[in-house]
Amino acid sequence: MRRGAAARRLGLRAERLTLWLFWARGWDLVAWRQKLGRYELDLLLSRGPDLRLLEVKARRPGAWVGADTALEPEQRLRLQRALRAWLDRVPWPGQVSFQRVSWAGWKCRFHPPERWDALKILR
């Protein structure tokens, strides 16, 4: 039970730090920890017409499975379904992208953004 609480605190801290780093780069918060049924979107940010979904992964330094490899293909599909459900409720006219942010202790890695514009069209 203590490990789970510690992991949640670590994840929350990583999300807050990520939000702050993106805010400093000119991004605005649209939604944080947005629940859509069984799914959750960590951070939705906008800058001008662009919308970016951020998936934040955090691990302790030296963890057996690093945060860089923590996003499974099934999780990616769940994120796409959740984002599609969110876009059905809140249409977004601009470009939609996805980016992973990995934390290992205080070390942060920004993975390259991926365009997910097709999610606006697909049903």
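Let me start with Trp 86, which sits in helix H2. The model is a predicted one, where local features need pLDDT of at least 70, side-chain atom pairs count only at pLDDT 80 or more, and totals for chains, interfaces and linings use all residues. Residues are numbered from 1 along each chain as its sequence is written, and side-chain values use heavy atoms, with hydrogens and water left out.

Is Trp 86 buried or exposed? It counts as buried, because its relative accessibility is 5%; buried means under 20% relative accessible area, with a 1.4 Å probe and protein chains only. Setting aside neighbours within four places in sequence, Trp 86 is in contact with Val 30, Gln 34, Leu 36, Leu 41, Leu 44, Leu 51 and Trp 92. Contact here means heavy atoms within 4.5 Å. Trp 86 and Lys 35 are 51 residues apart in sequence, and their C-alpha atoms are 9.4 Å apart in space.

Now the helix around it. Helices (H or I, at least four residues) and strands (E, at least two) are DSSP runs, numbered from the N terminus. H2 covers residues 73-89, and its 17 residues should span 24 Å at 1.5 Å a residue; the end C-alpha atoms are 25 Å apart, which agrees. That expected span is 1.5 Å times one less than the number of residues. Besides Trp 86, the buried residues of H2 include Leu 79, Ala 82, Leu 83, Arg 84 and Leu 87. Their cover includes strands E1 (28-36), E2 (39-47), E3 (50-59) and E4 (96-104).

On to the whole chain. There are 2 helices and 6 strands, in the order α-β-β-β-α-β-β-β along the sequence. Of the 123 residues, 39% are buried. Among contacts between residues at least 6 apart in sequence, 55% join residues at least 24 apart.

Next, His 111, in the loop between strand E5 (107-110) and strand E6 (114-115). His 111 also counts as buried, at 5% relative accessibility. Its side chain makes a polar contact of 2.6 Å with the side chain of Ser 102. A polar contact is a pair of N or O atoms within 3.5 Å; within protein, one must be able to donate a hydrogen and the other to accept it, and residues adjacent in sequence count only if both atoms are side-chain atoms.

Last question: which element gives the most to the lining of the largest pocket? That is H1, with 10 residues.

Methods. Buried < 20%, exposed > 50% of the residue type's maximum accessible area, 1.4 Å probe, protein only.
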